[in-house]
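Here is a short briefing to read alongside the model.

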Amino acid sequence: MTLDDLSQPEQVVLLALVGLMARMDGSVSQDELELLEQIADEIGPERFEASRDAAAALDDGSAILRAASAVTGAEAREVIFELVYGIAVRDTIAQSEAALLNELATLWGLPQRVGESG
């Protein structure tokens, strides 16, 4: 499955989670910006902009996790989780990032990969 295969709601969840994870450590790195560009390239500019705008409308982490609960496809969940996890492991995983990853893994029935200390 590619990012282009994700439905619009799944792409919204992906971008919302990527944005949330990128902000959790207090700054958005060059790697994170490059990942967003890669996502935009893969899904196309129109779909990216529509998904980005819808993702921006999700108020906070709770709203994002509620939207994530609507992602039911196992393959979509795994693709999204891998990308979000990849962002976290580029640097030291902050406690807030570990908590989000573990909550997302629990929500989606995926194995937890991050210990409590990050």
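Helix H6 covers residues 95-108, and its 14 residues reach 20 Å from first C-alpha to last, close to the 20 Å expected at 1.5 Å a residue. That expected span is 1.5 Å times one less than the number of residues in the helix. Helices here are DSSP runs of H or I with at least four residues, strands are runs of E with at least two, and both are numbered from the N terminus.

This is a predicted model, in which local features need pLDDT of at least 70 and side-chain atom pairs count only at pLDDT 80 or more, while totals for chains, interfaces and linings use all residues. Residues are numbered from 1 along each chain as its sequence is written, and side-chain values use heavy atoms, with hydrogens and water left out.

- The buried residues of H6 are Glu-97, Ala-98, Leu-100, Leu-101, Asn-102, Leu-104, Ala-105 and Trp-108; buried means under 20% relative accessible area, exposed over 50%, and partly exposed in between, using a 1.4 Å probe and protein chains only.
- Their cover includes helix H1 (8-24), helix H4 (61-68) and helix H5 (74-89).
- After H6 comes Gly-109, which has a positive phi, near 70 degrees.

**A closer look at Ala-105**
- Ala-105 sits in helix H6 and is buried, with a relative accessible area of 1%.
- Leaving aside residues up to four places away in sequence, Ala-105 touches Phe-81, Leu-110, Pro-111 and Gln-112, where a contact means heavy atoms within 4.5 Å.
- Ile-87 lies 18 residues from Ala-105 in sequence, and their C-alpha atoms are 15 Å apart in space.

**The chain as a whole**
- The protein chain has six helices and zero strands, giving the pattern α-α-α-α-α-α along the sequence.
- For 118 residues, a compact globule would have a radius of gyration near 13 Å, and the 13 Å of the protein chain agrees; the radius is taken over C-alpha atoms, and the globule rule is 2.2 Å times the number of residues to the power 0.38.
- Along the principal axes, the C-alpha atoms fill a box of roughly 40 × 30 × 25 Å.
- Of the 118 residues, 42% count as buried.
- Among contacts with a separation of 6 or more, 71% join residues 24 or more positions apart.
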